[in-house]
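Subject: Structure handover

Hello,

Here is the structure I promised you. My notes on it follow below.

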Amino acid sequence: MTDHTLDQEKVKRWRLILGEAAEEKLQPLGAGATLDEESRIMDEALAAIYDGTAGSPGSPGGPGSRQAGGAGTGGVGVGSRKAGLGPSAPKLAKWLGDIRTFFPTDIVSVIQTDAIERRGLKQLLLEPELLSQVKPDIQMVATLMALKGMVPEQTKETARQLVQAVVEEITKRLSQELQRAVTGALNRRRHSPLPSISGLDWDRTIRRNLKHYDQERKLLLPEKVYFFDRARRSKEWTVILDIDQSGSMANSVIYASIIGSIFASMPALDTRVVAFDTEVVDLSEQCATDPVDMLFGIQLGGGTDINKSIAYCEPFISEPKKTLFILVSDLFEGGNRSEMLLRLEAMHQAGVKVLCLLALSDDGKPSYDENVAKKLASFGIPCFGCSPDRLPELIEGALKGQDLVQLANRITAANNL
């Protein structure tokens, strides 16, 4: 590394230490003052906690009131920034996730503590009475998930009740339509009370009428014809939800996890719910029993190894043409990108219905790795953002065997209206 490169790194670190206000003064020192993409995310994460209204030296939020340093930051003193009001507390989940991605553990601990003390969360987390007055919404659930290791004993039950309320609200909002979508796709008689050839149970009809086989004419003359009825057989399809735990995916993680619990309640589906960062966690059992525990088992933030998670999911695919694989991720791969693409292409070629949801939320357009998304699209794997309310249409179409690319285009167009 040249002396010039070292100088640029020093300028960049000072820019992270001092914040945006110092950019104009640092610019003459070189291009290092202009942050690259990774540094920009680090800067936004720090700004969420430390930028804003100045405090007096030594007071909460005052310059120098908190110092942290370690590998990966070159001794960046996060306390050199000023505290202020900034974005509201519920938005901290994304930033805390980014912090865990780009900073070492010792600095993460300091920044999380500062988030509580400087952004008005300390009293909220310490007082059950205050926490119980918080409007239970998906943003606050994301924040509680991100800070779950710092929730004291006296408020844990209140925090759980808040999360439970959001889980119940989302389940009530989506469960009926999702169940209708799955039933509609698997029940071949849904559109007509009359038996039809598409609903004919060939296997059962033949077996039950073998005794009526006409040897001379070499014809099977069935005495009774059997049709599929509304009670579908158990575990007809396998649905795998592979969920990226990145901090920026907080809302998508929550929606996908709750939707996984709804799928798990349907006898016709064999449901697997997997969450990943650089490690893989199988949440299938918790998903089927207690979705609140499942959410508290998720760790928002950290690195991303999509390839590793796909490799974990592959053994669950026993019948490719009866498997729906939904990857919920922004596709920013930190692991083996080439191998990840090969796995997804092979899965698609084998007949698995593969979808990539870049976002599963009510928010705007997702941020994602466009190059990876284009590569997957060239395989015939649609990559798009989907609102939870459009998901039943997507699931029904996928299980019915509709063209997924056309289906994705239709849903994307509807989302943009």
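Arg343 and Glu339 sit four residues apart in helix H15 (residues 337-349), about one turn of the helix. Their side chains form a salt bridge, with the closest N and O atoms 2.9 Å apart. Glu339 has a relative accessible area of 32%, so it is partly exposed. Keep in mind throughout that this is a predicted model.

Together, E6, H15 and E7 make a right-handed β-α-β unit.

The sheet

Six strands form an open sheet, and the pairing is mixed. The order is E5-E4-E3-E6-E7-E8. Strand E5 (280-282) and strand E8 (383-386) stand at the edges. Each has a single partner strand, so one side of each has no neighbour in the sheet. On average, neighbouring strands of this sheet are turned by 25° against each other, direction ignored.

Now for E6. Strand E6 (residues 323-328) pairs with E7 in the parallel sense, over five bridges. Two facing pairs can be named here. Leu327 stands opposite Cys356 in E7, and Val328 stands opposite Leu357 in E7. E6 also pairs with strand E3 (residues 237-244), again in the parallel sense, over six bridges. There, Thr238 stands opposite Thr323 in E6.

How many of the six residues of E6 are buried? Six of the six are, so the strand is largely enclosed by the rest of the structure. Both faces of E6 are covered. Thr323, Phe325 and Leu327 are buried on one side. Leu324, Ile326 and Val328 are buried on the other.

A lysine to look at

Lys353 lies in strand E7 (residues 353-360). It is buried yet has no salt bridge. The nearest side chain of opposite charge is Asp403, 8.5 Å away. The cut-off for a salt bridge is 4 Å between a side-chain nitrogen of Lys or Arg and a carboxyl oxygen of Asp or Glu.

What is Lys353 in contact with, leaving aside its neighbours within four places in sequence? The residues are Trp237, Pro320, Thr323, Leu324, Phe325, Ala398, Gly401, Gln402 and Leu404. Two of these names have come up already: Thr323 and Phe325 are buried on one side of E6.

Salt bridges

The structure holds 15 salt bridges.

Glu153 and Lys156 meet through their side chains at 3.0 Å, N to O. The two are three residues apart in helix H9 (residues 153-186), so about one helical turn separates them. An α-helix has 3.6 residues a turn, so residues three or four places apart point the same way. Glu153 is exposed, with a relative accessible area of 61%. Lys156 is partly exposed, at 39%.

Asp282 forms a salt bridge with Arg272, where the closest N and O atoms are 3.6 Å apart. This pair links distant parts of the chain, 10 residues apart. Asp282 is in strand E5, and Arg272 is in strand E4 (residues 269-276). Both are partly exposed: Asp282 has 26% relative accessibility, and Arg272 has 27%.

There is also a network. Salt bridges link Glu177, Arg180, Glu396 and Lys400.

Is helix H8 (residues 138-146) buried or exposed? Nine of its nine residues are buried, so the helix is largely enclosed by the rest of the structure. The buried residues run as Ile138, Gln139, Met140, Val141, Ala142, Thr143, Leu144, Met145 and Ala146.

Val134 is in the loop between helix H7 (128-131) and H8. Its relative accessibility is 17%, so it counts as buried, the limit being under 20%. Val134 and Leu162 are 28 residues apart in sequence. In space they are 8.1 Å apart, C-alpha to C-alpha.

Where to start? I would open the view on Lys353 in strand E7, then move to E6, which pairs with E7.

Best wishes

Key
Residues are numbered from 1 along each chain as its sequence is written. This is a predicted model: local features need pLDDT of at least 70, side-chain atom pairs count only at pLDDT 80 or more; totals for chains, interfaces and linings use all residues. Side-chain values use heavy atoms; hydrogens and water are left out. Buried means under 20% relative accessible area, exposed over 50%, partly exposed in between (1.4 Å probe, protein chains only). Lys and Arg count as positive and Asp and Glu as negative; His and the chain ends are not counted. Contact means heavy atoms within 4.5 Å. Two strands pair if DSSP finds at least two bridges between them. Axes are lines fitted to C-alpha atoms, for helices over the stretch in contact, and angles run from 0 to 180 degrees between N-to-C directions. A crossover is right-handed if, with the strands pointing away from the viewer, the path from the first strand over the helix to the second runs clockwise.
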